[in-house]
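Me: Happy to have you along for this one. Could you take a look at the structure below and talk me through its packing?

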Amino acid sequence: MTTLVHRRRRGDGRDAWLLVLPALIPVVLISVYPLVQGILLGFTDAEAGLNQVTHFNGLANYERLLDNDLFWASFRIGLIWAFSVTIIQFLASLGLALLLNANLRLRWLARTLALVPWAMPPVVIAIMWRLMLNPTYGPVNETLRTLGLPGDINWLGDFSTALPAVIVVGVWAGMPQTTITLLAGLQNVSGDLHEAAAIDGAGTWQRFWHVTLPALRPVITAITSLDLIWNFNSFALVFVLTAGGPGGKTMLPMLFAYNEAFRYGNFGYAAALGNVMVVVIAAFLFFYLRGQARSRES
């Protein structure tokens, strides 16, 4: 009897693998295999060119990274970009979500308009904002001139304004998904809790701080952690806006890796940088999952 049960379980497991296999093969070929190849490439001296012989060079690429001031500068800029965009995006999205959750006229139209940036590809968003921030004919400078303020600012070309301008664009581009996620969380907050708090004499701010925010904590942990990972991994938006300029002031790590690989042909070195990025993102993911686990426990 026990043998028969084991055979049935073994057969059920085999059938399950056969059912999963058609979906598993593309994942392995498209995601897992390139990832493994990229990790291995980071330990070689691979370079662009025909008939180039590739050799295993151990940790040489990583030692070179540690001594590269440009890499550390890009890493610092990447952290500033990721945390700034994530924090400002969350605060703005929370305010917008609270507004969209209120009983306003034409609320459906406001919610639809809030999703517009989400429907636009990052390249289109970057081109649109490049036109808006153009120092000569852009509407941003034109508005400043109309208000009697300095209207000749080269937003994306000046050392002092390039990174803040790119951060603003990043916030605008990423707000929809954060807003919609927070709005969904707000709609799941029980109205009875607010009524009970109001009966106890709690004001609007007290209800928000002691009722709404604690109820939103799992949603906030999830969306801010994911936003941080996405923002740190950004490429297309900043590449089209500034390509890392001026003078490397917006050179994110992904842009640095792209330049090393496709401008200078240092594939092994760029892959090593990619491996470092994987480790950093894995660390972000670890804290995200730990936060999720703590939210479930509480």
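Me: Let's start with L241: leaving aside its neighbours within four places in sequence, which residues is L241 in contact with?
Reply: Gladly, and bear in mind that this is a predicted model. L241 is among the residues that touch the most other members of the largest nonpolar core, which has 40 residues. Setting aside neighbours within four places in sequence, the contacts of L241 are A126, W129, R130, L156, V166 and V169.

Me: Which helix gives the largest share of this core?
Reply: At least two core residues come from each of several helices, including α3 (69–101), α7 (162–187) and α12 (267–297). The largest share is eight residues, and the helix that supplies them is α7.

Me: Is α7 mostly covered or mostly uncovered?
Reply: Buried here means under 20% relative accessible area. By that cut-off, 19 of the 26 residues in α7 are buried. The helix is therefore mostly covered.

Me: Where does α7 bend?
Reply: The end C-alpha atoms of α7 are 38 Å apart, which agrees with the 38 Å that 26 residues should span at 1.5 Å a residue. There is still a bend of about 45°, and a proline, P176, follows within four residues. The bend in α7 is at M175.

Me: A search of the whole structure finds how many salt bridges, and which side chains meet?
Reply: The search of the whole structure finds one salt bridge.

Conventions. Residues numbered from 1 in each chain as written. Predicted model: local features only at pLDDT ≥ 70, side-chain atom pairs only at ≥ 80, totals over all residues. Heavy atoms only, no water. Core = buried A, V, L, I, M, F, W, Y, C linked by side-chain atoms within 4.5 Å. Buried < 20%, exposed > 50% of the residue type's maximum accessible area, 1.4 Å probe, protein only. Contact = heavy atoms within 4.5 Å. Expected span 1.5 Å × (residues − 1). Bend = angle between axes of the 7 residues up to and from the residue. Salt bridge = Lys/Arg side-chain N within 4 Å of Asp/Glu carboxyl O.
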